[in-house]
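Colleague: I've just opened this one and want a quick tour of the packing. Can you walk me through it?

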Amino acid sequence: MFFKRFYDEWLAQASYLIGCAATGEAIVVDPARVIAPYLDAAAAEGLTITAVTETHIHADFLSGLRELAAATGATAYVSGSGPEEWQYRFRTDPGVVTMADRHRIAIGNVSLEAVHTPGHTPEHMSFLVTDGAVASEPMGLLSGDFVFVGDVGRPDLLEKAAKIADTAEAGARTLFQSLRWFRSLPDHLQLWPGHGAGSACGKGLSAMPQSTVGYERRFNWALGIEDETEFVRQVILGQPEPPRYFGLMKVMNREGPPILHSLPAPKLATVHEIEALVTGGALLVDTRPTATFAAGHAPGAMNVPFGRSFTTYAGSLLPYDRDLIFLLGEPSAANVEALVAGSVSIGLDRVRAVVGPELLSAFEGKGVTLGTIAQLEARSLAGADGRRVVDVRNRSEWETGHIPGSILLPLSELPDRLDELSPGDDFVLVCQTGSRSAVAASLLKARGRRQVANLSGGFAAWIAGGGAVERA
């Protein structure tokens, strides 16, 4: 059996290519939307991708299941379990097979047995993997977002992200029952989860890429709770606000994401072309570091730093109904490719152009005054009156302590709650360390709030400087 794990650092998302060396067939589980890595790996091993499947309707990225099936002619296998409202809308399309509990997918001598493991989502499937060439019993479990290393999938996303009322507690109780099945599995089974540390699909995921059932049974907090009521309380407690785009991803993945066939190819645009695109409604997104952006940026631009948090910030703050222009500190071919891949992975397909920092020099040459964002020290804030302090952290962070008099507007909610921030007010943005708030400050400036500052060092600097703390 051939087995290869793929991992997207920006999404903290894992997918898997599994093949049978004897027959040359292969399957991809939980594919990302950028499919070239799977095609290249399969070709290198002399494998043909004949099947593609996924564990559930994802919320944190746009699925590559349809994209990969279209490119290879592979059969697409999707869950048929769960309520009608969360069934795949494309499940009756040609080439799509709907799986019930205990459905088996044969890939030569390798088999994947789908097991309905609801809780994170109602339709969730996990896959028991058996290498039939050497064994008659499973060697591991592809657990998707059911069980992670050190954690379990959060059951509240339908309620928090998709706005389906009163589903969090019901999902938690269902998850508790699914974990009873997991406890019955033999200790030696390998555990291959769908996410690692940094994913918002849980609250305490380990960075370890895999584990075993026996290890998780001993050390995973969720498997150590025998009382259902206590489990429900703890699994819901402290879950972070999901990024704003999660709800959209759920709907798009249920309906069937658009098939790209090829990735967008944005042009390296001239200053004149950029000006024409902006006049036509495109948004300029500056991907340089927050400190660089704060020191000087094009008026009206937003700051989404090019790094591991890019997809979280972009999906939370950028519009899906406008063309996008990205300013890169170094618009190399590799950086543009990574930028496009990150954008389309969360459905931001309207990437029209890229430009380098020479745009700013050209603007200055035309007499345009570059925008700036003030960086306020904690000691200066302590003595300042008339400023509205806006805390963009998660509620769980806020509840443990915040600056007295500040208001909570989590970053994921900020674009939909800007009406609560009067354009005439003087704002100071704060988060834990100053990074999220710097991005939030750029949104406020782009949306017409002129007096905006970022608290340098964030709430941590406030505490270190002896600032007063208020608790919820």
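This is a predicted model: local features need pLDDT of at least 70, side-chain atom pairs count only at pLDDT 80 or more; totals for chains, interfaces and linings use all residues.

Colleague: OK, sheets first. In what order do the 5 strands of the open sheet come?

Modeller: The order is β20-β24-β23-β21-β22, with parallel pairing. Two strands count as paired if DSSP finds at least two bridges between them. At the edges sit β20 (374-376) and β22 (407-408), each pairing on one side only.

Colleague: How many bridges join β21 to β23?

Modeller: There are 5, between residues 387-391 of β21 and 426-430 of β23. As one point of reference, R387 is opposite D426 in β23.

Colleague: And which helix lies across β23 and β24?

Modeller: That's α15 (residues 435-446), running at about 150° to β23; β24 covers 451-455. Axes here are lines fitted to C-alpha atoms, for helices over the stretch in contact, and angles run from 0 to 180 degrees between N-to-C directions. Contact itself means heavy atoms within 4.5 Å.

Colleague: Switching to helix pairs. At what angle do α4 and α6 pack?

Modeller: About 120°, with the axes of α4 (168-183) and α6 (228-236) 9 Å apart. That makes α4 and α6 oblique to each other, since angles under 35 degrees count as roughly parallel, over 145 as roughly antiparallel, 65 to 115 as roughly perpendicular and the rest as oblique.

Colleague: What about α8 and α12, at what angle do they cross?

Modeller: Roughly 85°, with the axes of α8 (271-279) and α12 (358-365) coming within 10 Å, so α8 and α12 are roughly perpendicular. V271, I274 and E275 of α8 meet L359, A362 and F363 of α12. That contact has 5 nonpolar residues, no polar ones and 1 charged.

Colleague: Which residues of α2 are buried?

Modeller: In α2 (65-72) they're L65, E67, L68 and A69, where buried means under 20% relative accessible area, exposed over 50% and partly exposed in between, using a 1.4 Å probe and protein chains only. Their cover includes β3, α1, β4 and β5.

Colleague: How many of the residues of β8 are buried?

Modeller: 6 of 7, in a strand spanning 110-116. β8 pairs antiparallel with β7 (104-107) over 4 bridges, R104 being bridged to E113. The β7-β8 hairpin has 2 residues between the strands, and G108 there takes a positive phi near 60°. β8 also pairs antiparallel with β9 (125-131), over 7 bridges, with M125 as the partner of H116.

Colleague: Last topic, single residues. Is S316 buried or exposed?

Modeller: Buried, at 2% relative accessible area. S316 belongs to α10, and beyond its neighbours within four places in sequence it touches P243, R244, Y245, S412 and P415.

Colleague: And where is Q239?

Modeller: In the loop between α6 and α7, buried at 4%. The C-alpha atom of Q239 is 9.0 Å from that of R395, 156 residues apart along the chain. Leaving out neighbours within four places in sequence, Q239 contacts R154, D156, K160, G202 and K203.

How values were computed:
Residues are numbered from 1 along each chain as its sequence is written. Side-chain values use heavy atoms; hydrogens and water are left out. Ala, Val, Leu, Ile, Met, Phe, Trp, Tyr, Cys and Pro count as nonpolar, Asp, Glu, Lys and Arg as charged, and the others, Gly among them, as polar.
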